Amino acid sequence: MTVKGPDIQEIRRLHEALSGELIQTPVVRCAAIEAVIGGGTEVTAKLEFLQRTGTFKARGALGTLRNLSPEQLAAGVTAVSAGNHAIATAFAARAMGTTAKVVMMKSANPARVQACREYGAEVVHADNVHVAFDVVERIQREEGRYFLHPFEGPGVALGTGTLGLEIWEQVSDLEALIVPIGGGGLIAGVANAVKQLSPECEVIGVEPEGADTMRRSRAAGEPQSIERVATIADSLGAPFALPYSFGLAEQSVDDLVIVDDEQLRRTMGFLFRTMKIVVEPACVASTAALLWPLRERLIGKRVALVMCGSNIDWDTFEEQAIFDDGVD
């Protein structure tokens, strides 16, 4: 499946255009992770959870909304999300002077729902992710709102490509980059940008065991769906893959690995204990991949981790994290 990804010059132009709305998130060397991996491995983390709205999602949302016509902006936008994309849609809508009506699962974290409302969005609840997509289609049809997809399309890849550009500018001698995968919009855009700038850098995607749509799609050679999302990493819980993001990932992503919920829980506790970082399960997926399935393979290499989101309250974090030394 061949698709055309955004050109690096398009990505540079958008990155410059968004400089007033977004921040260039920092990168840090991770001595605690390096100590566990050993072998001279150099580990750098891209702290995208410090981005406005708490995740990378604001990049794709703004990248897409900037291309809408005045008439479409006037009609407003809609989105479906477990939380992070909904928050980013609300943020981008306010930045662009329009309105947002977002569909979230009833199980969504209350802190994420509140964040959407604080950005001015109207929130509609659905029983599960499959029903949520039905609801958002009805809103789009009946109200004429533009559907801002959480992970599909050139606008999303263009926006997430700005993250790949930043990583390359901040740590240009990388040998491997590990990126979490939900629907694929993040890794598709990041990998597309990085491969244009540094083709020799290995881009590795990581999925949670209970939401492995990209792995199934790659095995089948076309986008696949799953019947049920079963992971604590709800931000990575896309129920299906779609052609554009899947095709772009196929062209630019070198490999995929899987982590399970226990590994995510232990990594949450490990990062809190060693780096005092409190982040959601999706955010630790890249670290969990390095600590478990990729540990031996990447020893001695220069590795970067995309840490993608921090939208979690303390009660949920304390309930999910395992605070022990199980990763050593």
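Guide: The largest nonpolar core has 63 residues, and Ile33, Leu177, Ile178, Leu290 and Met307 touch the most other members. A nonpolar core here is a set of buried Ala, Val, Leu, Ile, Met, Phe, Trp, Tyr and Cys residues joined through side-chain atoms within 4.5 Å, and buried means under 20% relative accessible area with a 1.4 Å probe, protein chains only. This is a predicted model, where local features need pLDDT of at least 70 and side-chain atom pairs count only at pLDDT 80 or more, while totals for chains, interfaces and linings use all residues. Residues are numbered from 1 along each chain as its sequence is written, and side-chain values use heavy atoms, leaving out hydrogens and water.

Let's zoom in on Leu290. Leaving aside neighbours within four places in sequence, Leu290 is in contact (heavy atoms within 4.5 Å) with Ile33, Ile37, Val43, Ile178, Arg295, Leu298, Val303 and Leu305. In soluble globular proteins, nonpolar side chains tend to be buried together.

Now for the rings. There are 8 aromatic pairs, counting rings of Phe, Tyr and Trp (its six-membered ring) whose centres lie within 6.5 Å. Phe133 counts as buried because its relative accessibility is 12%. Elsewhere, ring pairs link Phe272, Trp314, Phe317 and Phe323 into a cluster.

Note on methods. Buried < 20%, exposed > 50% of the residue type's maximum accessible area, 1.4 Å probe, protein only. Phe/Tyr/Trp six-rings, centres within 6.5 Å; stacked < 30°, edge-to-face > 60°.
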